[in-house]
Amino acid sequence: MEVVLAKTAGFCFGVSRAVEQVYEQLEKNQGVPIYTFGPIVHNEEVVEDLKSKGVQVINTEEELAAVEEGIVIIRAHGVAKRIYDLLERNGVTVVDATCPFVKKIHKKVQESSRAGREIIIAGNPVHPEVQGIIGWCETPVTVIEQPEDVERYQWDPNKEYCLVAQTTYHYQKFINIIEILKKVLYNIICENTICNATHERQAEAAQIASTVDAMIVIGGRNSSNTQKLYEICRGKCKDTYYIQTVDGLDTGWLTSMKKVGITAGASTPRNIIQEVVTVCQR
Ligand code: F3S
């Protein structure tokens, strides 16, 4: 059986960089307490492995405020400015693994709000990345989840605005939001801050799924980007299977298949993907 593995399967650049940074810190700083603010990646296996090596996960700002020594690693999603300030006040070493693409959004909203613009973010208001972006704004912020939400707000045409997007926001919806906003606001800067990693992973998955007999999508049950990948692949290939690890793979599914495609969500580590590839190739 031929197996086609998507090049974009698994961790994106920002997440793999963040995970590598944690392992690097572990190696360089033995005996020093190491924390990550939130799980470094939405993958239990990786988080458990790091835990077994001594990395502790801090979940709340209150817990973070109680840390007085050691190293705190900021994950790829990034955090609000006040978190850096808090850690600095407490004399804690910060290792900033914020994805450079997210960092760019922080800079943009900070500069724009300092120039007097109000900020509009297209994204999920409770997502940690969006919470982090909000924390760099110095003027009022509005978070828009869906294009149809734009009309629910009172916009002031005399004010200046800056629109950015959560890095994983849906491209077409972002374009729709821009179109609606431009009708009511004359002074708005729209910055497309959507990261291509998601789009590229989805486009490659669709392309592979349309050329194989069966498609396997690997990722956590609660991973929304994996669910999305599954839907896209299912639309192109009816024999698409969603598994979390190799244990979920039933080789019976593939018996009569000549060509199988494999992709994985953004938080699926390499070794899990490799295990599935190996079993399919047997
Ligand atoms: Fe990943 Fe950074 Fe893009 S974390 S999805 S490469 S914004």
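Predicted model: local features only at pLDDT ≥ 70, side-chain atom pairs only at ≥ 80, totals over all residues.
**Entry 1: the whole chain**

I looked up the overall extent next, and the C-alpha trace of the protein chain spans about 65 × 55 × 25 Å along its principal axes. The chain has 282 residues, and I found that 48% of them count as buried. I then turned to the contacts in the protein chain with a separation of 6 or more, and wrote down that residues 24 or more positions apart account for 67% of these.

**Entry 2: helices H1 and H2**

I went to helix H1, residues 13–28, and helix H2, residues 44–52, and saw that their axes come within 11 Å and cross at roughly 10°. On the H1 side I listed Val19, Val22, Tyr23 and Leu26, which meet Val46, Asp49 and Leu50 in H2. Sorting the residues of this contact between H1 and H2 by kind, I got six nonpolar, no polar and one charged.

**Entry 3: helices H8 and H9**

I repeated the exercise for helix H8, residues 196–209, and helix H9, residues 224–236, which pack with their axes 8 Å apart and at an angle of about 30°. By the cut-off of 35 degrees, I could again write that H8 is roughly parallel to H9. I also recorded the crossing of H8 and H9 as right-handed. From H8 the residues taking part are Arg201, Gln202, Ala205, Ala206 and Ala209, and I found that they meet Asn225, Lys228, Leu229, Ile232, Cys233 and Lys236 in H9. In the contact of H8 with H9 I sorted the residues into six nonpolar, two polar and three charged.

**Entry 4: Gln244**

I picked out Gln244, which is found in the loop between strand S11 (240–243) and strand S12 (259–264). Its relative accessibility is 35%, and I put it down as partly exposed, because that label covers values between the 20% limit for buried and the 50% limit for exposed. Leaving aside residues up to four places away in sequence, I found that Gln244 touches Ile218, Gly219, Gly220, Arg221 and Ile272. I looked at one of these in particular, Gly219, which is 25 residues from Gln244 in sequence, while their C-alpha atoms are 4.8 Å apart in space. For Arg221 I noted that its backbone nitrogen lies 3.1 Å from a polar atom of the Gln244 side chain.

I found Ser112 in helix H5, residues 100–114. Its relative accessible area is 10%, and I therefore wrote it down as buried, since buried means under 20%. Setting aside residues up to four places away in sequence, I listed Arg117, Ile119 and Cys162 as the residues that Ser112 touches.

I then moved to Thr167, which lies in the loop between strand S8 (161–165) and helix H7 (171–184).

Methods: Residues numbered from 1 in each chain as written. Heavy atoms only, no water. Axes fitted to C-alpha atoms, helices over the stretch in contact; angles between N-to-C directions. Helix = DSSP H or I, 4+ residues; strand = E, 2+ residues; numbered from the N terminus. Parallel < 35°, antiparallel > 145°, perpendicular 65-115°, else oblique. Left-handed = near helix turned anticlockwise from the far one by under 90°. Contact = heavy atoms within 4.5 Å. Nonpolar A, V, L, I, M, F, W, Y, C, P; charged D, E, K, R; others polar. Buried < 20%, exposed > 50% of the residue type's maximum accessible area, 1.4 Å probe, protein only. Polar contact = N/O pair within 3.5 Å; in protein donor to acceptor, adjacent residues only side chain to side chain.
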